[in-house]
Amino acid sequence: MFNSVLLLVGSLGFLLYGMKLMSDGVQKSAGDSLKKALNYMTGNRFMGLLTGLIITMIIQSSGATTAMVVSFVNAGLLTLTQSCGVIFGANIGTTITAWIVSIFGFNFKISSFAIPLFGLGFFLTLVKSSLSKNIGEAVMGFGLLFLGLSGLSDAFSFDSSSLTFLTKFQNMGVLTIVLSFVVGIIITALMHSSSAFSAIVITMAFNNVITWEVAASMTLGSNIGSTIDAMLACIGASSDAKRAALIHVLFNLIGTIIALFVFKPLLNFVTLLTPGDNIAIRISMLHTVFKTLNTLLFIPFVKQLVKLVSILIKPEEEKPLKNYHLDFQDVGMAKENISARVIRLEKEIRDMSDIVTEMFDRLQIGFKSMNTDFVQSHMQYLMDAENYCDQMHELIIKYIVNCERLAVTEKQREELNNMIQIVDDLEAITDQCFCAGKLIQKSVEKKMKFHTEDMDRLIPYVELGRQFMQFIHININKNLDEYKLAMAEELETSIDAYRKDLKKVARKRLENGADVKAELLYIDLVKQIEKIGDHAFSISSVLAKK
């Protein structure tokens, strides 16, 4: 008995680690393609369904796909309506693992097939090409997956005479179904993988450890347990991201409850579709039939589902800029997806850009008014925003450093390094905005006098700065082509030319005996806008490398 437990634990380890290797290898070799596939989703729910189906079939994890979808919604790259089709498709795609197990897992001695496969994958990882290494990692994972299945099959091959207690447990009627259902929820949530749990259920049923009804109820329960990754992915995310996660939960929860109410007819229908005694094929068919029927049930009501989750999760109230949080969570296989983490970073950088743009807009009001109204209405915000962006700068950089410690490709590492430069420049712009605001406050408190024509000359100069900030805000996570980079260069050149003229005029006034303090402060204001332009152009140069 002790040896069987050890075999079970070891085989389960092979299975889970094999699935992780396979998923990581595929995601690293095709991560950018997966990201683009979701990024260019249209509003067509059927195309979304197909995308979610294919991606999940490739990476063998609906949790990873759903976590990525939640991240895209959080980053504003997918709308809530667009996310529905992808989530539905991901749920169908995850059933592919059960079919692999049922078709290949018991028709030949998979351990003899798995070991050469693992060896092939290992030798591929020795090739210098990063693509070959990633593919090799996926092949190794595939080999370990089959090796784990072989071990599980041996672990559950008990003498039927020793299973009398299970016979009693499985003859308790409705209570048996309920208990099996709950077991399916709990174990899947703990394992973060409905695919892995399905493989275990199929193996147990194939070796006559559990009955068809118990296997079916466990399979239905695993659909609810699999929503754990989506819920983890939406922690600290936007309202729409939380709604996307809730759609995933409701899809599985409502569908499973309906399936439980028609449990017997559903099982009879699946049995009709799978004549013969192959219990493995029957469980796989149940998984696919349930997911497909559930999708057909929900797909016509996408708009109503979106409306429901929008009612259940209210929009977040605008929070004061006090304390910023960005936790690097390392929970579950789906959360290890570097592409999802990059999307999360893009969202945080976009949020930082929002604050920087708001700061400059308020600063522009100060340049136009130069009075106590600006000090009373906007200086507290500038101070809070500058402190908040300091926190953002520190925690985002820390998050990026943690990401770089994961298994990332050279291209992903370069992207992360570019993000560090962008965040550095955004934080520097907040310093310049706050400093310029303090200079305006000083001029108001000291009652400094400026000639009207001098302030009029500042307005178009500051407007150039505002245009540059808007340009950065619009393109913050995009790849700048040559045309847009030329626009950035033109803005930078115009700001520099204006700065030279303004400083030249200020120096002439100093030579003619103007108020020294006022003219020096004026020159300092000009310098702050110039520095903002320099950092904006630095960001543009980084975006041109993407």
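How many aromatic pairs does the count come to? By the rule that rings of Phe, Tyr and Trp (its six-membered ring) pair if their centres lie within 6.5 Å, with planes under 30 degrees apart counted as stacked, over 60 as edge-to-face and the rest as tilted, the count comes to seven.

The model is predicted, and local features need pLDDT of at least 70, side-chain atom pairs count only at pLDDT 80 or more, and totals for chains, interfaces and linings use all residues. Residues are numbered from 1 along each chain as its sequence is written, and side-chain values use heavy atoms, with hydrogens and water left out.

**Aromatic pairs and charges over rings**

| Pair | Centre distance | Angle between planes | Class |
|---|---|---|---|
| Phe251 and Phe298 | 5.2 Å | 55° | tilted |
| Tyr324 and Tyr388 | 5.5 Å | 80° | edge-to-face |

Phe251 belongs to helix H13 (residues 239-261) and Phe298 to helix H15 (residues 279-298), so their pairing ties together parts that are 47 residues apart in sequence; helices here are DSSP runs (H or I, at least four residues), numbered from the N terminus. Both Phe251 and Phe298 are buried, a term that means under 20% relative accessible area, computed with a 1.4 Å probe on protein chains only. Together with Phe88, these two residues form one aromatic cluster.

In the other pair, Tyr324 lies in the loop between helix H16 (302-312) and H17, whereas Tyr388 lies in helix H18, so the parts tied together are 64 residues apart in sequence. Tyr324 is buried at a relative accessible area of 6%, and Tyr388 is buried at 14%.

A charge sits over a ring if NZ of Lys or CZ of Arg is within 6 Å of the ring centre and within 35 degrees of the ring normal. Arg362 lies over the face of Tyr381, at 3.9 Å from the ring centre, and Arg282 lies over the face of Trp212, at 5.6 Å.

**Nonpolar cores**

A nonpolar core is a set of buried Ala, Val, Leu, Ile, Met, Phe, Trp, Tyr and Cys residues joined through side-chain atoms within 4.5 Å. The largest one has 71 residues, and Ile355 and Ile396 are those with the most contacts inside it. Two or more residues come from each of several helices, including H17 (338-369), H18 (372-404) and H19 (410-445), and H18 gives the largest share, 14 residues. Leaving aside neighbours within four places in sequence, Ile396 is in contact (heavy atoms within 4.5 Å) with Tyr324, Leu326, Leu345, Glu348, Met352 and Val423.

Asp425, in helix H19, counts as buried at 4% relative accessibility. Its side chain makes a polar contact of 2.9 Å with the side chain of His535, where such a contact is a pair of N or O atoms within 3.5 Å, one able to donate a hydrogen and the other to accept it.

Helix H21 has 30 residues and reaches 44 Å from its first C-alpha to its last, close to the 44 Å expected at 1.5 Å a residue. Its buried residues, among them Leu491, Ile495 and Leu502, pack against H20 and H22. At the N-terminal end, Asp481 caps H21 through a side-chain oxygen 3.2 Å from the backbone nitrogen of Tyr483, and H21 is followed by Gly513, whose phi is positive, near 90°.

Terms used:
Buried means under 20% relative accessible area, exposed over 50%, partly exposed in between (1.4 Å probe, protein chains only). The expected span of a helix is 1.5 Å times one less than its number of residues.
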